[in-house]
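Let's take a walk through this structure, helix by helix. Keep the picture open while you read, and look up each residue as it comes along.

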Amino acid sequence: MPINVPIILTWLRIAMIPLVVGLFYLPESWMSVPARDTLAAWAFIIAALTDWFDGWLARRWNQTSAFGAFLDPVADKLMVCAALIVLLDLSRVDAFISLIIIGREITISALREWMAKIGASASVAVHRLGKFKTAAQMVAIPCLLYNQPVYGVSTKLLGDVLIIVAAVLTVWSMLYYLQRAWPAIREKAL
């Protein structure tokens, strides 16, 4: 396993997951709810920024690796799924939306693994739709974690709208990837 700054940032993102989740188990006598929500939102934002930054550094410094390519999406999915479960527990996100997003992540991860095994991974390479879905999620989740107005703007409303947009893009991108993989699926299933 190579050790470089991009991979360290990816590991940092994974290590921040228990921090974000753990904040919601602290007694209110230790930290007020607004302070907890603020800290959790900022921790998620920092983790999300490392997602962009580690990829950028890996490409810029020519430190891409097969392990980094594996670990980066795993870190993203763990981070998003953990945050959605916390938000679900807090009744800040709908169970159906959480199931759509988490179910898609599992489905597409399995599809990509299978397509790689049969040598057809290029047909399910990351597409713009997936990037837009990720962007919507990465803005929606900290808004829902924070759950307080900012300069009179409801972050809850913004988060609610963006998580619905993310869910729609989630289904759309999943259908896109399945359509791209369908010829290989049909060929190998026969």
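Contact here means heavy atoms within 4.5 Å. Aspartate 51 sits in helix H2, and it counts as buried because its relative accessibility is 15%. The cut-offs go like this: buried is under 20% relative accessible area, exposed is over 50%, and partly exposed is in between, using a 1.4 Å probe and protein chains only.

Before going on, a word on where this comes from: it is a predicted model, where local features need pLDDT of at least 70 and side-chain atom pairs count only at pLDDT 80 or more, while totals for chains, interfaces and linings use all residues. Residues are numbered from 1 along each chain as its sequence is written, and side-chain values use heavy atoms, with hydrogens and water left out.

## Aspartate 54, also in H2

Aspartate 54 lies in helix H2 too. Is it buried or exposed? Aspartate 54 is buried, with a relative accessible area of 3%. Not counting residues up to four places away in sequence, aspartate 54 touches Pro6, Leu9, Thr10, Arg13 and Asp72. Aspartate 54 and isoleucine 8 are 46 residues apart in sequence, yet their C-alpha atoms are 8.4 Å apart in space.

## H2 against H3

Now zoom out to whole helices. Helices (H or I, at least four residues) and strands (E, at least two) are DSSP runs, numbered from the N terminus. Helix H2 covers residues 33-60 and helix H3 covers residues 66-89; they pack at an angle of about 160°, with their axes 11 Å apart. The axes are lines fitted to C-alpha atoms, for helices over the stretch in contact, and the angles run from 0 to 180 degrees between N-to-C directions. H2 and H3 are therefore roughly antiparallel to each other. For these labels, angles under 35 degrees count as roughly parallel, over 145 as roughly antiparallel, 65 to 115 as roughly perpendicular, and the rest as oblique.

Who does the touching? On the H2 side it's Phe44, Ala47, Ala48, Asp51 and Asp54, and on the H3 side it's Asp72, Asp76, Met79 and Ala83. By class, this contact of H2 with H3 has five nonpolar, no polar and four charged residues. Ala, Val, Leu, Ile, Met, Phe, Trp, Tyr, Cys and Pro count as nonpolar, Asp, Glu, Lys and Arg as charged, and the others, Gly among them, as polar.

## H2 against H5

H2 has another partner: helix H5 (residues 128-146), packed at an angle of about 165° with the axes 7 Å apart. H2 and H5 are therefore roughly antiparallel to each other. From H2, the contact uses Asp37, Thr38, Ala40, Ala41, Phe44, Ile45, Ala48 and Asp51; from H5, it uses Met138, Ile141, Pro142, Leu145 and Tyr146. Sorted by class, the contact of H2 with H5 has 10 nonpolar residues, one polar and two charged.

## H4 against H5

What angle do the axes of H4 and H5 make where they cross? Helix H4 (residues 95-117) and H5 cross at roughly 140°, and their axes come within 13 Å. That makes H4 oblique to H5. Ile101, Arg104 and Glu105 of H4 meet Gly130, Lys133 and Gln137 of H5. In this contact of H4 with H5 there are one nonpolar, two polar and three charged residues.

## Positive phi angles

Most residues other than glycine have a negative phi. Here are some that go the other way. Just after H3, serine 91 takes a positive phi of about 60°. Asparagine 147 has a positive phi of about 60° although it isn't a glycine. Asparagine 147 lies in the loop between H5 and strand E1 (149-150), and it is partly exposed, with a relative accessible area of 27%.

Tyrosine 151 isn't a glycine either, and its positive phi is about 50°. You'll find tyrosine 151 in the loop between E1 and strand E2 (153-154). At 83% relative accessibility, tyrosine 151 counts as exposed.
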